[in-house]
Amino acid sequence: MQIWCWPRDRKAIAAHFAAVDETPRAIEAAVEAIIEDVRRDGDAALARYGRKFDKVDLKPGQFEVPRAALAAAWAAAPARLRRTLQTAKRRIEQFHRRQRLAGWTVEEPGFGRIEQRVLPLERVGVYVPAGEAPLVSTVLMDVIPARVAGVDEICLFTPPRRDGQPDGGILAAAHLAGVDRVFRLGSAWAVAAAAFGTETVPRVDKVVGPGNAYVTTAKQRLFGRIDIESTAGVSEVLILADATARLEHIAADLLAQAEHSGDNPCGVILIGGDRKRAEALRRELARRLGRLERGEMAARSIARHGYIILVKTAEEAIELANRKAPEHLEIIARGARRMARQVRHAGAIFVGPWTPEPLGDYLAGPNHTLPTGGTARFFSPLSVWSFYRTSHTIEATREGLAKLADDIILLAEAEGLTAHAETIRARFEPGSEAGGTRGGKQAAPTAGKRGAPGGKRAARRADS
């Protein structure tokens, strides 16, 4: 685990923060081949990849999980787990209901009517990993906002186990969250099936949810055919801690992220610049690693991506946090709330010693599907807004168009788009249907002091 001092080690810190995990070319090539196979062969390709990688022989008609299996999984779940999932569902719904958007309409005198409509997506896909750590909580986090937004149909994709069945906890959570359809399909071929549609898998408008490098690469490659929530990568945490933070808490919180995959960035900025405290933290990490079931993965994350930065002031810590733009940012320090208000770039901020990051993973309410790898500078957490699109309606009166006609024509001709200009003039030509007549006489356009739209320019051209 690296120990750096700010600003002495400025270059090393900047290089670490700027580093982006490049997808290996072999993975990119494999994903491109998978996408093309699924586009071309549909269900047949899905069956081939399931046999090859998941070691499960599923026929096309068996990809979808019967709805009765979801209810059965919920009934079979331990009572305590059901109660906990219901608590999580309630808290997640309470938070996300506050994000609902409404459209608006403006009646503008002398012009007409303009409107912004807020519409939910029709069909979305939620990808839920189910390897060594089946992410039951992600089902609730990714499905509930879509449900609150009013999405018509939610399809969940999750890889099967060797017995051909999805994880029971994922199915139970899907039942509780109100998933419409579940498909036992994983990796890049699941994303491709959702993007193109196959004989038995419906095409969706958007795919959300975490996954491995193959899933992430497929989402990136298919963006444009489908929408995605972000280019999510491995989970990460940065902790800002001063002398009031207990080392055992810092170590435990770092390891909570480190155990995900073995490649998770885990950093702490120690305010006060105490080298002895940094060394003590390293010893505490080593002590705790021996207790973890996934200690090997956590140790690899700490060794490859762990770092401690020593700074003198809270202001320096905040500056570095904004440069890093971490997915998860914990602040365990005096004035933590004040410091949090100064952070501009973070997926989620956890304030104070009683707010460890797993609280946000499971039960706090805000979403845990967050931007990673510095993308918190421009991406946002998954939300109800992720499942909306907007559409505009414009309804002008004859008077409203006439008021703006000269300016429209001017702009159109400045761009060299003369047909755009002519479509405005056509509505005010004598006898035109849009211009209309009243009492057998041509109704004159209302264009203020400039007269008929385009009139002066048209006259000049006729005289030349």
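Tyr 307 is a buried residue in this predicted model, its relative accessibility being 1%. The ring of Tyr 307 pairs with that of Phe 17, and the two belong to a cluster, linked by ring pairs, that also takes in Trp 4. Counted by the ring-centre rule, the structure holds seven aromatic pairs.

**The pair of Phe 17 and Tyr 307**
- The ring centres of Phe 17 and Tyr 307 are 6.1 Å apart and the planes stand at 65°, so the arrangement is classed as edge-to-face, given that planes over 60 degrees apart fall into that class.
- Because Phe 17 lies in helix H1 (residues 10–18) while Tyr 307 belongs to strand E12 (residues 306–311), the pair ties together parts that are 290 residues apart in sequence.

- Tyr 49 and Phe 53 make a stacked aromatic pair, with 6.2 Å from centre to centre and 15° between the planes.
- Both residues are found in helix H3 (residues 43–54), where a separation of four residues corresponds to about one turn of the helix.
- Tyr 49 is buried at 9% relative accessibility, whereas Phe 53, at 43%, counts as partly exposed.

**Charges over rings**
- Phe 17 also has the charged end of Lys 324 over its ring, at 5.9 Å from the centre.
- Elsewhere, Lys 206 lies over the face of Phe 387, at 5.9 Å from the ring centre.

Note on methods
Residues are numbered from 1 along each chain as its sequence is written. This is a predicted model: local features need pLDDT of at least 70, side-chain atom pairs count only at pLDDT 80 or more; totals for chains, interfaces and linings use all residues. Side-chain values use heavy atoms; hydrogens and water are left out. Rings of Phe, Tyr and Trp (its six-membered ring) pair if their centres lie within 6.5 Å; planes under 30 degrees apart count as stacked, over 60 as edge-to-face and the rest as tilted. Helices (H or I, at least four residues) and strands (E, at least two) are DSSP runs, numbered from the N terminus. Buried means under 20% relative accessible area, exposed over 50%, partly exposed in between (1.4 Å probe, protein chains only). A charge sits over a ring if NZ of Lys or CZ of Arg is within 6 Å of the ring centre and within 35 degrees of the ring normal.
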